[in-house]
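Please open the model in your viewer and keep the selection panel at hand.

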Amino acid sequence: MALTEIEPAKPRRKRRGGGAGYWLYLLPGAVLFILVIGAPLAGTLYLSLTKWSGVGDPTFIGFDNYTRLFQDEVFWTSFKNTLAMIVAMVVVPTLLGLLLAAVLFDVIARRFKPRTAAALRAAFYLPQVLPVVVAGIVWGWILRPDGAFNSLLDSIGLGALRHDWLGDPHTALPSVMAVMIWVQIGYPIVVFMAALQRVDPELYEAAEVDGANWWHRFRSITLAQIRPETFVVALTCTIAALKVFGPVFALTRGGPENATNVPSYFAYFTFFKKLQVGYGSAISTVLTLIIVVVAAVFIWLQYRSERQDREV
Amino acid sequence: MGRFRKLGVAVVLAAIAGTTLAACGGDGGGGSEGSDAKVLKLWHYESDNSAMGIAWDKAIEIFKTEHPGVEVQFERKAFEQIQQNAGMILNSTEGPDIMEYNKGNATAGLLSSQGLLTDLTAETEKRGWDKKLSPSLQTTARYSDKGVMGDGNWYGIPNYGEYVMVYYNKDLFDKNGVAVPTTYDEFTKAMDTFVAKGITPLAEAGAEYPAGQLFYQLALAKADRSFVDNYQLYKNPVDFKADPLKAGAQAFADYVAKGYVAKDSASLKAEDMGTAFISGKVPMIVSGSWWYGRFKDEMKANWDSFLFPGNKLNAGSSGNLWVVPTSSKAKSLAYDFIDITMRPEIQALIGNNGGVPVAADASQITDPKNKKLIENFNTVSQQDGLAFYPDWPVPGYYDVLVSGFQSLINGSKTPDQVLDAIAKPYSDGVKEITGK
């Protein structure tokens, strides 16, 4: 009864004020947005059109930084490495996370106790809790020439494979990628397991009664039901991969020979080490633009997928 | 609306008043400026148990005794904190009256060229600090109007020095029947002996400064002062494909090929190199005097050091500088403090705690190991042998060198290719600074 009393009031208020009254509620958020995001973004944009060492007055040079950027080999290398980071931080963790979440939810939790699945989920999530620089330093110890990984190879009779994993340009990027998979894997697992909990168990039971095997159930029920979460995971992980900095800083500082350089580290290096604030701002601006475009594409895909679902 | 307008006007007025007051507070001036100040804000980034930390604690104590009624507000900062924020801090009114700051074109040079540091020339001559510093130590204290070190006005005063040498493990030398080398030939023979016994003679760290410094030492063997002036002070263009740099890169590649340096040391950091030496795993390292105190504290084996055999020029320089920000409100007190740090008793304190004082009375240094460290430094300094560091010439060059010498350790590039890779960022950087 209460609902029917409130409902008609809404359109009346809307007609009277035309929604203008609501803008007031957006004000705190808008002010914060302008202060925390809008102003620094405008500042970076402006600086990207200047030459500046960080002290004194910037000199306006137009689009010179951008022209230089697109001819800079290191910039392109850093973006090539970003693609590798997307594989390590989005593609592999999402696929593997999907599979592991389904196994934990559907097999482990049923055969053993749900508590076992929860414990395993927590174990997978652990790297996410560790500060990324700490994880980076520890992995640096493991992968160093006299580190635990080479000792392990020795002890299992594979001493011939001993290697300077982070020091060789051929193995540095795959090593960083492996660490990133380890760091990332827990996040999709936790999200997907939470998503699976809202799936109606009757769907699975009905499918089982109809003779669907695990793979059929995974494909037709699990994947279909948790699609919104998959979008969220893919979007957030892609943004994380595009702006990844901490692990690269802690593990390799972009080296050897730029083999693991990424745009964020490249921007940091240009800003703080080379004191080329204008050029560093141009790198950051391009990176921001790419992130915004990627985010927009994802959101549009998600919106389209939801609309299709509604239409079905 | 009226209320908001009043508030706006009040805010603007307050802001104008603030800037006016700030402007009154900190203009440049003579030696007596700020002598009546009641507070000296002092920042430095030495740890409290380091030689400099100990010496400067004592200097603060003496300063307080000699300036009763002046409060010293000391804040210990992190090196990186100052390195990355100095420009912003000194542009504000929140900066200190005196601060320890990095020497070099990209740091003290840059700030001095922007008018953020006080010109100390008159005070230096008046108080005789210039007499206590050898010409190669003065290089890092003086900057041109473009911020290039070497000559021009004084913008900082160094109290201590540092230089690169060879540290060796006496026990390992004795055990393997290797004599301490005095010439470069003996040095390579000693390394051959270790290699023949399956021991890598030099610990190296490709991911940080040590590799670049070894390369520089090897290049300096074939260099003279004019090369250092050209390379570091841009007096003339530098040909990377000619000696000494060519010889340095080739010698470095040979060190890797002959097994003097481990092929899998590209990812190691300076700390790894130091701890390998401390734990007695390697007989030698080529690195700086900043390790001295730590080896004294932590090493169980007998060890000693010698200057890189055959080199007249060695990587090394003055230590960091005391600078007085232009916005300092207690300049006169800041000069008094610098003067105290130059006194023999403070200099001796640096020396007796494993540091390298620039103006110490050798007879006051009691520990024989510390004495040797200082004597060797004096030898280098007096023969005008401090050649600074290879990464100094242009901002960001450190990482360029790290990357270059990682390639040589990995064998992924030839010395020629590495010289190409490090030549371009150098010439780009020099162009950026000098406009030539």
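This is a predicted model: local features need pLDDT of at least 70, side-chain atom pairs count only at pLDDT 80 or more; totals for chains, interfaces and linings use all residues.

Residues are numbered from 1 along each chain as its sequence is written, chains are lettered from A and ligands numbered from 1 in the order in which they are written, and side-chain values use heavy atoms, with hydrogens and water left out.

**Stop one: chain A**

Select chain A and colour it by secondary structure, which shows 16 helices and two strands; these are DSSP runs, numbered from the N terminus, with helices (H or I) of at least four residues and strands (E) of at least two. Chain A is more spread out than a compact globule, because its radius of gyration is 25 Å, well over the 20 Å that the globule rule gives for 312 residues. That radius is taken over C-alpha atoms, and the globule rule is 2.2 Å times the number of residues to the power 0.38. Turned along its principal axes, the C-alpha trace of chain A spans about 70 × 70 × 30 Å.

**Stop two: the two domains of chain B**

Now select residues 39-160 and 319-360 of chain B as domain 1, and residues 162-317 and 388-434 as domain 2, bounds that come from an automatic or database domain assignment. Where the domains touch, domain 1 of chain B gives 15 residues and domain 2 of chain B gives 16 residues, contact meaning heavy atoms within 4.5 Å. The two domains bury about 1,300 Å² between them, 66% of it on carbon and sulfur atoms; buried area is the accessible area (1.4 Å probe) that two parts lose on being put together, summed over both.

Which residue forms a salt bridge with Lys103(B)? Selecting Glu162(B) gives the partner, with the closest N and O atoms 3.4 Å apart; a salt bridge is a side-chain nitrogen of Lys or Arg within 4 Å of a carboxyl oxygen of Asp or Glu. Between these domains of chain B the count is one salt bridge.

**Stop three: a pair of helices in chain B**

Next select Asp336(B) and Arg127(B), which form a salt bridge whose closest N and O atoms are 2.9 Å apart. Asp336(B) lies in helix α15 (residues 331-341) of chain B and Arg127(B) in helix α5 (residues 121-127) of chain B, so the pair ties together parts that are 209 residues apart in sequence.

**Stop four: where the chains meet**

Finally, show both chains and select the contact, to which chain B and chain A each give 25 residues. Chain B and chain A bury about 1,900 Å² between them, 50% of it on carbon and sulfur atoms. Two salt bridges are found across this interface of chain B and chain A, and one to display is that of Glu257(A) and Lys413(B), at 3.9 Å from N to O. On the side of chain B that touches chain A, the elements giving two or more residues are α3 (79-91), α4 and α18 (397-410) of chain B, with the largest share, five residues, coming from α18(B).
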